[in-house]
Amino acid sequence: MSSTRSGRHRRPSSVSSNSLLKSIKEPPRNFFPSKDEFLRLVAVLAIASSVAVCCNVFFTLINRQPKPFCDSHNSHSPDSISDFCEPCPSNGECNQGKLECVRGYRKHGKLCVEDGDINETAKKLLKWIEIHLCEAQAQFLCDGLGAVWVREDDIWKELDGHDLVKNVGLDNGTFLYTKQRATDAVSRLLETRTDPHGIKELKCPDLLAEHYKPVACRIRQWLSEYALIAFPVSTLLIGCTVLFWKVCQRRYISSRVEELYHQVCEILEDNALLSKRENGECEPWVVASRLRDHLLPPRERKNRVLWKKVEELVQEDSRVDRYPKLVKGESKVVWEWQVEGSLSTSKVRKKVEANRLKSTEGIGINSDQLHRTLKAEPKALIF
């Protein structure tokens, strides 16, 4: 009985010990976080880390002090440049860790840059002095008048009352520095010398003064320098131009005279034939002056040579009679075409034009055919 009871008591203890060991070896299911809870944890940690880093950087930058500048008087020693100070920049003076730029330069971060206002003002002063001196030198080279060398003190005295200096707007110290810079630039650009009294004088170089000469002065100097060449060349050009104009004028007058002569002959011939057909109702003659005014425009009437040559051709023509006649109480020179025994000019002109047309078209007439044609035509010539 006792053995059976002890066996019964041992079984539940062994079962409980086995379940305890199994629970230790296998944790419960809700012991580890889920996937979503793990992602949320990572996101929270990342945000917290970013905020911590940003705060650290921000407070570091706020509490950080810039490095002081190394003193200028120790800049020549190799030990002056270290990790605890910044090297002093050029055109700057450093003392007790602070940077001060020299006159004419301004602070820009850790550097000293050139002041633009001072540089621009110095350029304007230089340009004014250049124009003032070079114009005077150009006048001296052209006319021999004016001063060549000018005292530097006189230039600055004249410039002190100028509007350029009044409108600068710089303090006295800065203007003196600007004036010194302009003086240095003037010394490099212009010629300088010292007179016996030790006063500095300035002069514009001749090569630079050439750009300030007036146009009239340049033309006058060029003509005086090249007169021996320019005079013969210009004379030759003028002579050739006059000769060419005269030749053209002569050719024009010759062709115009011939044209007027043919017109006169046609008018006289037509007038004579018309008078013959109307049995004397129309006068066979034409007043020469009225014929001239009819054929010549007002511009050509002033050229007396033109009509005089036409009169010479008419006078040489045996088919035209020239004689004075009383017309309306005034003595006039009239021209009359001789109808009897004369060859019509219109017919002759038609023949000439027909022959020219045939020659251009390639149709030639041999000498025998031309001879027979002339014999077949009734004509009467007066010699």
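How many aromatic pairs does a search of the whole structure find? The search finds two, counting rings of Phe, Tyr and Trp (its six-membered ring) whose centres lie within 6.5 Å. The structure is a predicted model, in which local features need pLDDT of at least 70 and side-chain atom pairs count only at pLDDT 80 or more, while totals for chains, interfaces and linings use all residues. Residues are numbered from 1 along each chain as its sequence is written, and side-chain values use heavy atoms, with hydrogens and water left out.

**Overall content**

- The chain's secondary structure comes to 14 helices and ten strands, where helices (H or I, at least four residues) and strands (E, at least two) are DSSP runs numbered from the N terminus.
- Of the 383 residues, 22% count as buried; buried means under 20% relative accessible area, exposed over 50%, and partly exposed in between (1.4 Å probe, protein chains only).
- Among contacts (heavy atoms within 4.5 Å) between residues at least 6 apart in sequence, 56% join residues at least 24 apart.

**Aromatic pairs and a charge over a ring**

- Planes under 30 degrees apart count as stacked, over 60 as edge-to-face and the rest as tilted.
- The rings of Trp222 and Tyr226 have centres 5.3 Å apart and planes at 40 degrees, so this pair is tilted.
- Trp222 is partly exposed at 46% relative accessibility, and Tyr226 is also partly exposed, at 35%.
- The rings of Trp307 and Trp335 have centres 6.0 Å apart and planes at 15 degrees, so this pair is stacked.
- Trp307 lies in helix H12 and Trp335 in strand E10, so the pair ties together parts that are 28 residues apart in sequence.
- Trp307 counts as buried at 6% relative accessibility, and Trp335 is buried with a relative accessible area of 1%.
- The charged end of Lys203 sits over the ring of Trp149, 5.9 Å from its centre; the criterion is NZ of Lys or CZ of Arg within 6 Å of the ring centre and within 35 degrees of the ring normal.

**Helix H12**

- H12 covers residues 304–316; at 1.5 Å a residue its 13 residues should span 18 Å, and its end C-alpha atoms are 19 Å apart, which agrees.
- The expected span is 1.5 Å times one less than the number of residues in the helix.
- Leu306, Trp307, Val310 and Val314 are the buried residues of H12.
- The face turned away from the buried side of H12 carries the exposed residues Arg304, Lys308, Gln315 and Glu316.
- The packing partners of the buried H12 residues are helices H9 (227–277), H10 (288–295) and H11 (298–301), together with strands E9 (320–327) and E10 (330–337).

**Helix H10**

- Ala288, Leu291 and Leu295 are buried in H10.
- Seen down the axis of H10, its buried residues fall within an arc of 60 degrees, so they line one face of the helix.
- The buried residues of H10 pack against H9, strand E8 (285–287), H12 and E10.

- E9 and E10 pair in the antiparallel sense over eight bridges; two strands pair if DSSP finds at least two bridges between them.
- Val320 has Trp337 in E10 as its bridge partner.
- This hairpin has two residues between the strands, and Lys328 takes a positive phi near 55 degrees there.
- Lys328 is not a glycine, and its relative accessible area of 76% makes it exposed.

- Strand E3 (residues 105–108) and strand E4 (residues 111–114) run antiparallel and are joined by four bridges.
- Tyr105 is bridged to Glu114 in E4.
- With two residues between the strands of this hairpin, Gly109 takes a positive phi near 70 degrees.

**Three-stranded open sheet**

- The sheet has the strand order E5-E7-E6, with antiparallel pairing.
- Its edge strands are E5 (150–151) and E6 (191–194), each of which pairs on one side only.
- E6 and strand E7 (residues 200–203) run antiparallel, joined by four bridges.
- Opposite Arg193 stands Glu201 in E7.

Definitions and conventions: Arc of directions from axis to C-beta.
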